[in-house]
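Please look through the structure below with its sequence at hand.

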Amino acid sequence: MELNSVTNSTNNVYQAYSGTTATKASTDTKTEETTKETGVVYEKSSDTTDKVVTKKTNTDLVAKLKADAEERTAQLRSLVEKMMTKQGIAIGTADDMWSFLAKGDFTVDAETKAQAEKDIAEDGYWGVEQTSDRILDFAKALSGDDPEKADMLLDAFKKGFEEATKTWGDKLPDISQRTYDAVVEKFDKWKNGTESSAKTTTDTTVETTI
């Protein structure tokens, strides 16, 4: 299922960026302590100061995205656990559940199947577009929408995807692979500043067609 790759990748993105900001904070503290000891003070020129743009983490959006993902993950897990219980199957840990599902040796009841199909549909919550959008939004919120952090955050996503693949025990389903490709493409557009132009082109095409 795609859920495991999403949660692993999101957590990796968060940890990677948090670790970077923590290192920077530590470096800034050491610089300040050194300044106090030596008595040397470095002052930036007014021209340089005016051009500095501080990009901060959007903590409110990060918290909202994390809470939403955790809630939807819990809902999906509950749905799967109910299906397992009906078949007399007990799952001890999340990893056990993913490994079991990867084997495909189970029967899906009509209710679970209907909900799953809805969730992974083209416009569904766990569909390719919504999922890749959420991962990009999360990266932007963490970095203060700083495209210079795109490569670092994308690398964290890729590592999370690899971890999810190992947990799954096999190649992830096609929808996960397509989501991976969509995330990489959207990160590239964000980094290269081509998101807006791509959207404008699409909108113009639609208007012309109409």
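Asp146 is placed in the loop between H6 and helix H7 (150-168). Helices here are DSSP runs (H or I, at least four residues), numbered from the N terminus. The model is a predicted one, in which local features need pLDDT of at least 70 and side-chain atom pairs count only at pLDDT 80 or more, while totals for chains, interfaces and linings use all residues. Residues are numbered from 1 along each chain as its sequence is written, and side-chain values use heavy atoms, with hydrogens and water left out.

Asp146 has a relative accessible area of 9% and is buried; buried means under 20% relative accessible area, exposed over 50% and partly exposed in between, with a 1.4 Å probe and protein chains only. Leaving aside residues up to four places away in sequence, Asp146 touches Lys55 and Trp190, where contact means heavy atoms within 4.5 Å. Lys56 is 90 residues from Asp146 along the chain, and their C-alpha atoms are separated by 8.9 Å.

The expected span of a helix is 1.5 Å times one less than its number of residues. Since 12 of the 16 residues of H6 are buried, this helix is largely enclosed by the rest of the structure. Among the buried residues are Val128, Arg134, Phe138 and Leu142. Thr131, also in H6 (residues 128-143), is buried with a relative accessible area of 1%. The side chain of Thr131 reaches the backbone oxygen of Tyr125 at 3.5 Å. H6 is followed by Gly144, with a positive phi near 70 degrees.

The partner to consider next is H8. Helix H8 (residues 174-192) has 19 residues, which at 1.5 Å a residue should span 27 Å; the end C-alpha atoms are 27 Å apart, in agreement. Buried residues in H8 include Ile175, Val184 and Trp190. Gly193 follows H8 and has a positive phi, near 70 degrees.

How do H6 and H8 pack, and at what angle? The angle is about 40 degrees, with the axes 9 Å apart; axes are lines fitted to C-alpha atoms, for helices over the stretch in contact, and angles run from 0 to 180 degrees between N-to-C directions. H6 and H8 are therefore oblique to each other, as angles under 35 degrees count as roughly parallel, over 145 as roughly antiparallel, 65 to 115 as roughly perpendicular and the rest as oblique. Residues that meet across this pair include Thr131 and Leu136 in H6, and Thr179 and Phe187 in H8.

Key:
Helix = DSSP H or I, 4+ residues; strand = E, 2+ residues; numbered from the N terminus. Polar contact = N/O pair within 3.5 Å; in protein donor to acceptor, adjacent residues only side chain to side chain.
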